[in-house]
Amino acid sequence: MRNVQLILVNTIRDLLSKKTVYFLLFATIGIAMLAGSGLSTVFSMQESTDPAALLAQKANVLSEILQLWGLFTILFAIIYSAIAMYSEKKNRSIVSILAKPIARWEFLLGKWLGVLLFFLAFLLIGILAVLVFMIIWDISFTALFWTGIMYRISEMVVFSGLAFMLSQFINMILGGGISFVFWAFGTQFQNLIDSSYWYVDWIGTIGYYLGPAQITDRIIKDGILNNVLNPDFALYWSVIGENILYAVVVFYIGAVLFTRKDIQLN
Amino acid sequence: MSDPAIVIESLRKSYSQGWFRPNVQAVNGISFSIPEGSVVGLIGPNGAGKTTTIFCLLGLLLPDEGDISIFGEAPGSQKARRQTGYQSEIFHTYDFLKPEQALSLYGRLSGLPAVGLDNKIMRQLNRLGLGKALDQKVGGFSKGMKQRLGVAQALLHEPDLLILDEPFTGLDPQGRKQISEIIFEEKEKGKTVFFSSHILSDIERLCDDVIMLREGKVVLSGGLQNIMTTEESWMITVSGWKPEWEEDFKEISVDNVDGQVVELECLQHQKREVLQKLLAKEADITGIRKKSVSLEQLYMEMEEKTGEEV
């Protein structure tokens, strides 16, 4: 695993050198500005305000922050996962690396984990900010809230993994695009099945069965509000587990195929 | 005869150009072997298949047909790569790294332990004249400095086989001299060096053997001395040449080199007769050697010959 660690660290340094953090900083400022109005509303609400309404407002603000934060980080993770290997080939740095006694799967894993951990760290910063507000506002951390956080992390793992692996074999824009469509519109595929147009039906069926599983409930918000009597934990955790398994399988298949593939430089 | 470091047999490799387009045959059934401890040059025009051959040796490209072995191991196997140091045509690495950091990455990936790595890195950087560029990022390096860093990373783990793809590209005369010296030093240590180059004078100066590729085929290979000396012709140098002797040597070519010094060019079967005639005239024979041609002449001849065939 030493080789994986070396590539992982190098990838993170590469991302830092590419000023990726500045994009993220802009995203953070944007989110903070959007969240600011919600937060000011919470702070301006009177102590005498109905506690339930106050909690609802706080839950709204915090879940919105996390929602936006998650959207940005997952989107960036997909984009950077798709271009990670493209830039290695474009810069031809892959040649000198793979000429060393390193297994190709180690290189792939190091690259992907580098991108993933970088954006995961950023996601965790957003989560930490929300946790701080929850402590300040004395909101309890429910199991449903943590499940929502885990689901968000699993989303990042699966969709960045999919973008990363697809871009080894097809154009990076297409690879990243497919992953993005699965992520952004994944829940819509089911609605396309049984369409009167055969091709729409096909797209729906393929998208539904090939895409990672997704949860439509806003479980982070429900977790903060603690207003669900019997949360379907079995479903949520099976989706999280499925997503992780999906990422592992995609990586495994991709790594096997990549090992049997010519290194074509761009 | 030492064991071969590299053996290539009937190697074929083609590239797809996309749908509905015929494949390009980059390497078309080439075979050669490189003895351990030798310095072998790979020459050929652009698109001859040099880099494809090297990439197949490194396991970066998978051959369509044929066998390759490096010290008896499959190309691309970890064992083969551990014994190989490779420098790409123009060394590309991560621009954000400093030379020490870059070499540390490549050294660790080559399996070197962290302990003592710094000393090895500094030794290579100083050896290649990069000791003064420690604080500079690779992105700010000149082409020549990048080339030298590429050679440094190839040498870092002291491999038994060095594969250098156009190592002299972008180097100034001093850099070329440095790389030439390194190739000599590695040969002295018993290492095998296989390198491609467009600079034929460097190949002539450094190599034991040469392999010439054209359109994916080996058109010339063998020991450099054998290739450069044509078996048929001899050059005899004579001092104190008298013009009246020319009548007796009409069948062969006589070139006036410098005043009374001439060079007679004759074929193998004429040599004895020519020498007897010269001895009979009590001519001062100052030299006799097989006629040699420069690699450049040979290259151009082969280019013309194979060009006509194509």
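This is a predicted model: local features need pLDDT of at least 70, side-chain atom pairs count only at pLDDT 80 or more; totals for chains, interfaces and linings use all residues.

Colleague: Where does A:Asp138 lie, and what is its phi?
Modeller: Helices here are DSSP runs of H or I with at least four residues, strands are runs of E with at least two, and both are numbered from the N terminus. A:Asp138 lies in the loop between helix H5 (104–136) and H6 of chain A. It is not a glycine, yet its phi is positive, at about 60°.

Colleague: Which residues does A:Met165 touch?
Modeller: A:Met165 is found in helix H6 of chain A, and it is buried because 26 other C-beta atoms lie within 10 Å. Two residues are in contact if their C-beta atoms, placed from the backbone, lie within 7 Å. Leaving out residues up to four places away in sequence, A:Met165 touches A:Val250, A:Phe251 and A:Gly254.

Colleague: How far apart are the end C-alpha atoms of H7(A)?
Modeller: The expected span of a helix is 1.5 Å times one less than its number of residues. Helix H7 of chain A has 14 residues (172–185), so it should span 20 Å. The model agrees, with the end C-alpha atoms at 19 Å.

Colleague: Why do the buried residues of H7(A) line one face of the helix?
Modeller: They are A:Met172, A:Gly175, A:Gly176, A:Ile178, A:Ser179, A:Phe182 and A:Trp183. The arc is that of the directions from the helix axis to the C-beta atoms. Seen down the axis of H7(A), the buried residues line one face because they fall within an arc of 155°.

Colleague: What do those buried residues of H7(A) pack against?
Modeller: The partners are both helices of chain A. They are helix H3 (51–90) and helix H6 (143–169).

Colleague: Over to chain B: which residues are exposed on the other side of H6(B)?
Modeller: Start with the buried ones in H6(B): B:Gly175, B:Ile179, B:Ile182, B:Ile183 and B:Glu186. They cover an arc of only 100° around the axis, so they sit on the same side of H6(B). On the other side, the exposed residues are B:Pro173, B:Gln174, B:Lys177, B:Glu181, B:Glu185 and B:Glu188.

Colleague: At what angle do H3(B) and H5(B) pack?
Modeller: Two packed helices are described by the angle between their axes and the distance between the axes. Axes are lines fitted to C-alpha atoms, for helices over the stretch in contact, and angles run from 0 to 180 degrees between N-to-C directions. For helix H3 (residues 99–109) and helix H5 (residues 143–155) of chain B, the axes are 9 Å apart and the angle is about 35°.

Colleague: How many nonpolar residues are in the contact of H3(B) with H5(B)?
Modeller: B:Pro99, B:Ala102, B:Leu103 and B:Tyr106 in H3(B) meet B:Leu149, B:Ala152 and B:Gln153 in H5(B). Ala, Val, Leu, Ile, Met, Phe, Trp, Tyr, Cys and Pro count as nonpolar, Asp, Glu, Lys and Arg as charged, and the others, Gly among them, as polar. By class, this contact has no charged residues, one polar and six nonpolar.

Colleague: Last one: which helix gives the most to the side of chain B that touches chain A?
Modeller: The contact takes 21 residues from chain B and 19 residues from chain A. Helix H2 (78–82) and H3 of chain B each supply at least two residues of that side of chain B. The one that gives the most, with four residues, is H3(B).

Terms used
Residues are numbered from 1 along each chain as its sequence is written. Chains are lettered from A and ligands numbered from 1 in the order in which they are written. A residue is buried if 20 or more other C-beta atoms lie within 10 Å of its own, exposed if 12 or fewer, and partly exposed in between; C-beta atoms are placed from the backbone.
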